[in-house]
Amino acid sequence: DSISGLVVTQLDIQPGECIKVKGKIPSDAKGFAVNVGKDSATLMLHFNPRFNCHGDVNTIVCNSKEDGVWGEEDRKADFPFQHGDKIEICISFNETEATVKVAEVEFQFPNRLGMEKIEYLAVEGDFKVKAIKFS
Ligand SMILES: C=CCO[C@@H]1O[C@H](CO)[C@@H](O[C@@H]2O[C@H](CO)[C@H](O)[C@H](OCc3cn(-c4n[nH]c(N)n4)nn3)[C@H]2O)[C@H](O)[C@H]1NC(C)=O
């Protein structure tokens with residue numbers, strides 16, 4: 001249902017390890033998403049900054065997806081992004097929550113599915129990936 005960007009499968013990211021995605025936000029970006037989980041249908045976290053899409057303006061929407069079904073959305077208060085920004089998004093998790101660190105701001109999202117490892121990473125929408133790093 002979306003124009004697929006970068007997809008990485010067969011990962012084995014454990015609690016406490018970091019996924020770093022560096023890239024640039026195009027000047028005309030409407031929105032992008034970073035998805036991590038088991039596969040495209042089972043996501044621990046859909047981290048979806050929206051500049052102007054789906055009726056949202058400058059809002060980060062987070063959600064989970066279980067067997068292809070979206071969970072309850074969680075809209076964040078902060079929006080530390082601007083068009084043209086070069087950013088690094090760091091995602092880590094433990095048994096209770098996923099953490100997203102970006103531009104000195106930290107977001108938490110519950111590990112609703114109790115996932116014990118991340119096997120899948122996808123970046124969708126208006127984001128030009130420059131590097132990914134697993135540490
Ligand atoms: C008010 C009307 C009913 O609620 C709306 O329902 C929409 C459809 O479910 C919600 O948008 C989905 O929200 C999901 C997260 O909860 C996802 O963000 C979903 O987009 C999936 C997606 C987009 N893309 C994508 N790839 N490339 C681009 N440009 N976009 N890839 N996957 C969006 O289509 C949208 O967030 C939701 N809005 C509210 C305020 O609840």
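Is Phe134 buried, exposed or partly exposed, and what is its relative accessible area?

1. Phe134 is partly exposed, with a relative accessible area of 36%; buried means under 20%, exposed over 50%, and partly exposed in between (1.4 Å probe, protein chains only). Phe134 belongs to strand β12, residues 128–134, where strands are DSSP runs of E of at least two residues, numbered from the N terminus.

2. The model is predicted: local features need pLDDT of at least 70 and side-chain atom pairs count only at pLDDT 80 or more, while totals for chains, interfaces and linings use all residues. Residues are numbered from 1 along each chain as its sequence is written, and side-chain values use heavy atoms, with hydrogens and water left out.

3. The ligand has 12 residues around it, of which His46, Arg50, Asn63, Glu73 and Glu124 come nearest; a residue counts as near if one of its heavy atoms lies within 4 Å. By class, this shell has 2 nonpolar, 6 polar and 4 charged residues, with Asp, Glu, Lys and Arg taken as charged, Ala, Val, Leu, Ile, Met, Phe, Trp, Tyr, Cys and Pro as nonpolar, and the others, Gly among them, as polar.

4. Strands β4 (42–53) and β11 (120–125) each supply at least two residues of the shell. The most comes from β4, with 3 residues.

5. An oxygen atom of the ligand lies 2.8 Å from a side-chain N or O atom of Arg50, and a polar side-chain atom of Asn63 is 2.9 Å from a ligand oxygen atom.

Conventions:
A polar contact is a pair of N or O atoms within 3.5 Å; within protein, one must be able to donate a hydrogen and the other to accept it, and residues adjacent in sequence count only if both atoms are side-chain atoms. Helices (H or I, at least four residues) and strands (E, at least two) are DSSP runs, numbered from the N terminus.
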